[in-house]
Amino acid sequence: MVSSFDCPHRPRLRAPSRAGGRAAIPARARGRVRSAAVVLLVLAALTGCGAGTGGPTADTAGRTGPAAGPPGTANTAQGRSGAGAETRAPAHIPGLGPRTRAWLPERARQVLVVTGRGKDANRSEAVLYEHTGSGWEAGPVWPARNALKGWTDDHWAGDLRSPIGVYTLTDAGGLLPDPGTDMPYDRSDGFSVSGTGFQGEPLAGSFDYVVAIDYNREPGTTPLDLTRPLGGDRGGGIWLHVDHQGPTQGCVSLQKQHMRDLLRALDPDRSPVVVMGDAVSLSE
């Protein structure tokens with residue numbers, strides 16, 4: 001997107017080998033509208049998902065380490081379930097290896113798996129898995145995009161790669177009104193964006209709907225919050241947002257209807273997380 005913003009980052013859940021805890025998630029009022037002064041500050045400070053020049057972009061914050069610990073609480077998972085109507089829900093999410101599964105919080109009952117086509121590819125697929133009590137049930141497969149240069153387990157601001165890992169999903173927002181999500185939702189003009197992306201595509205509307213990925217951010221705050229617990233050089237502003245028909249600077253984008261569907265499906269009581277990375281990394 002225009003101005004670079006990596007899509008605000010949230011803490012991710014990482015492998016036990018890395019130290020780092022998760023911040024508590026305070027409740028937040030819905031539908032807050034920020035003042036013009038705050039909007040200007042955000043536009044100047046955020047670096048976002050496409051390339052180009054223009055408004056705030058959610059894909060450009062500092063760098064991120066693997067999903068496990070301070071570098072941005074991350075969990076990584078891949079795959080989709082091809083199970084038929086009578087297929088029993090698998091005990092483990094397909095495509096996720098033992099290391100990635102170790103990053104998953106035990107309490108997580110909703111897992112959005114974003115699987116990249118390759119380490120250096122910017123196209124991917126997303127599947128929302130729900131735990132039924134006896135196994136994991138897959139939702140539909142949604143086409144997705146990620147950062148221009150692919151994926152990394154050591155994200156830094158401006159590297160144009162999406163951070164690999166498992167991250168909690170706690171806060172949402174957007175330029176448009178709440179579509180009916182149970183998540184805290186910040187409707188704000190601060191999500192306005194303009195300009196063009198890496199392929200000359202318009203960025204307008206990219207932040208109509210946003211879910212902040214808890215990489216290098218404070219959970220329980222609006223996605224527009226600029227707090228970077230790991231420091232600005234580790235990036236931030238890593239979001240799930242509306243696809244602008246081009247690669248991002250660090251975020252993951254889905255088609256507008258799929259973002260609506262995701263927002264309506266996410267349930268804070270089920271401790272949702274996103275597992276994201278290239279297929280090979282997620283299979284480890």
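The answer below starts with the whole chain and then goes to the rings and loops.

Modeller: Ground rules first. This is a predicted model, with local features needing pLDDT of at least 70 and side-chain atom pairs counting only at pLDDT 80 or more, while totals for chains, interfaces and linings use all residues. Residues are numbered from 1 along each chain as its sequence is written, and side-chain values use heavy atoms, leaving out hydrogens and water.

Of its 284 residues, 57% count as buried, where buried is under 20% relative accessible area, exposed is over 50% and partly exposed is in between (1.4 Å probe, protein chains only). The chain exposes about 10,100 Å², and carbon and sulfur atoms supply 51% of that; the areas come from Shrake-Rupley with a 1.4 Å probe, and for residues only the protein chains shown count as cover. Take contacts between residues at least 6 apart in sequence, and 77% of them join residues at least 24 apart (a contact is heavy atoms within 4.5 Å).

Now for the rings. A search of the whole structure turns up three aromatic pairs. Rings of Phe, Tyr and Trp (its six-membered ring) pair when their centres lie within 6.5 Å; planes under 30 degrees apart are stacked, over 60 edge-to-face, and the rest tilted. Y167 belongs to strand 7 (165–174) and Y215 to the loop between strand 9 (210–213) and strand 10, so their pairing ties together parts 48 residues apart in sequence. Y167 is buried, at 0% relative accessible area, and Y215 is buried too, at 0%.

F207 and W239 make another edge-to-face pair, with 4.8 Å between centres and 80 degrees between planes. Here F207 comes from the loop between strand 8 (185–187) and strand 9, and W239 from strand 10, so the pair ties together parts 32 residues apart in sequence. F207 counts as buried at 1% and W239 as buried at 0%. Bring in F191 and you have a cluster: ring pairs link F191, F207 and W239. There is also a charge over a ring, in that the charged end of R234 sits over W156, 4.8 Å from the ring centre. The test there is NZ of Lys or CZ of Arg within 6 Å of the centre and within 35 degrees of the ring normal.

Follow strand 10 (239–242) onward and you reach the loop between it and strand 11 (252–254), where H244 is found. H244 counts as buried, at 4% relative accessibility, and its side chain makes a 2.9 Å polar contact with the side chain of E201. A polar contact is a pair of N or O atoms within 3.5 Å; within protein, one must be able to donate a hydrogen and the other to accept it, and residues adjacent in sequence count only if both atoms are side-chain atoms. Q245, in the loop between strand 10 and strand 11, has a positive phi near 65 degrees without being a glycine, and Q245 is partly exposed at 49%. The C-alpha of G246 is 9.6 Å from that of T196, 50 residues away along the chain. T196 lies in the loop between strand 8 and strand 9 and counts as partly exposed, at 35%.

Last, the packing. In soluble globular proteins, nonpolar side chains tend to be buried together. The largest nonpolar core in this model has 28 residues, and those with the most contacts inside it are L112, V211, I213, L240, L262 and M276. By nonpolar core I mean buried Ala, Val, Leu, Ile, Met, Phe, Trp, Tyr and Cys residues joined through side-chain atoms within 4.5 Å. Leaving aside neighbours within four places in sequence, L262 is in contact with L112, L128, W142, L240 and L254. Apart from that core lies another, of 14 residues, including I93, A108, V111 and V275.

Terms used
Helix = DSSP H or I, 4+ residues; strand = E, 2+ residues; numbered from the N terminus.
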